[in-house]
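Hi there,

Here is the structure I promised to pass on to you. Have a look at it first, and then read my notes below.

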Amino acid sequence: DMKQELDATEARHACVVKDLQARLKMAGGFDDAENEVLDRMKTLEEERNVFRNELEFQGVHWQSKLETEQQQLAMLQATLEEERAIAEKDQQLRMQVEMSLRENQKLLVQARQAQKEA
């Protein structure tokens with residue numbers, strides 16, 4: 001929207017400049033100083049357009065880079081969540097194995113005592 005409005009404003013400006021130049025020519029033309037000013041103004045307008053194009057290009061470039069980085073971040077977050085789930089399962093399994101080992105050790109101690117008593 002803003003770009004369209006800017007383009008429309010530039011088009012109106014160009015029409016006004018052309019109209020004023022035509023009127024000035026009919027009224028007696030330009031002198032050298034006026035021609036230099038007009039040439040300088042045209043040069044500045046061209047430079048402005050070059051800068052605007054560069055700015056637009058940079059905007060597109062950085063937007064694309066941002067989107068790429070956001071996609072990579074989303075993939076890394078998904079991978080991190082998967083790793084967390086795996087780590088949680090590993091921890092639960094380790095706790096089960098430790099509990100089972102303790103139970104087996106108790107049973108072994110009890111069996112040895114029963115064997116000594118018998």
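How many helices and strands does the secondary structure of the protein chain come to? The answer is two helices and zero strands, where helices (H or I, at least four residues) and strands (E, at least two) are DSSP runs numbered from the N terminus.

Before going further, please note that this is a predicted model, in which local features need pLDDT of at least 70, side-chain atom pairs count only at pLDDT 80 or more, and totals for chains, interfaces and linings use all residues. Residues are numbered from 1 along each chain as its sequence is written, and side-chain values use heavy atoms, with hydrogens and water left out.

Now the overall form. The C-alpha atoms fill a box of roughly 135 × 25 × 10 Å along the principal axes. Of the 118 residues, 3% count as buried (under 20% relative accessible area with a 1.4 Å probe, protein chains only; exposed is over 50%, and partly exposed lies in between).

With a relative accessible area of 40%, E54 is partly exposed. From E54 to Q77 there are 23 residues in sequence and 34 Å in space, C-alpha to C-alpha.

Enjoy exploring!
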